[in-house]
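Please keep the sequence and the model in view while reading.

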Amino acid sequence: MGIVGLLIVGIAAGFLATRLMRVEMGVVPTILIGIAGTLIGAVVIRMVLMITGFLGGLVGAVLGAMLLVWLWKMIGERR
């Protein structure tokens, strides 16, 4: 996946994850969490499930971003 693809999937994954988790975040944290979630999701999906293709990558990206949003919420609640 190229840089442009990573950005597109990352932005989509970040916004989908924040909407699914019902969390309001700024645009920059949403995009950063989406990109990080894309990287995490790509590694996990390919290593565990061996799914290739755009749909599998997007599912992995959204799941990775949801994990990071959940961690963000947990850290925020502890403060």
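Helices (H or I, at least four residues) and strands (E, at least two) are DSSP runs, numbered from the N terminus. With that convention, the protein has three helices and zero strands, and the order along the sequence is α-α-α. This is a predicted model, in which local features need pLDDT of at least 70 and side-chain atom pairs count only at pLDDT 80 or more, while totals for chains, interfaces and linings use all residues. Residues are numbered from 1 along each chain as its sequence is written, and side-chain values use heavy atoms, with hydrogens and water left out.

**Overall packing and surface**

- Of the 79 residues of the protein, 34% are buried, where buried means under 20% relative accessible area, exposed means over 50%, and partly exposed lies in between (1.4 Å probe, protein chains only).
- Among the contacts with a separation of 6 or more, 70% are between residues 24 or more positions apart, a contact being heavy atoms within 4.5 Å.
- The protein exposes about 5300 Å², of which carbon and sulfur atoms supply 75%; accessible areas come from the Shrake-Rupley method with a 1.4 Å probe, and for residues only the protein chains shown count as cover.

- Thr18 is in helix H1 and is classed as buried because its relative accessibility is 2%; leaving aside residues up to four places away in sequence, Thr18 touches Val23, Met25, Thr30 and Val69.
- Ala12 also belongs to helix H1, which covers residues 3-20, but Ala12 is partly exposed, with a relative accessible area of 33%.
- Ala12 and Ile31 are 19 residues apart in sequence, and their C-alpha atoms are 8.3 Å apart in space.
- Arg22 sits in the loop between H1 and helix H2 (27-49), and counts as exposed because its relative accessibility is 76%.
- The phi angle of Arg22 is near 55°, a positive value in a residue other than glycine.

**The nonpolar patch**

- Ile40, Leu67, Trp70 and Leu71 make a nonpolar surface patch of about 340 Å²; patches are made of residues with over 30% relative accessible area and no salt bridge, like charges being joined within 9 Å and nonpolar side chains (Val, Leu, Ile, Met, Phe, Trp, Tyr) within 5 Å.
- A salt bridge, in this sense, is a side-chain nitrogen of Lys or Arg within 4 Å of a carboxyl oxygen of Asp or Glu.
- Helix H3 (residues 54-78) gives the largest share of the nonpolar patch, with three residues.
- Trp70, placed in helix H3, is partly exposed, with a relative accessible area of 43%.
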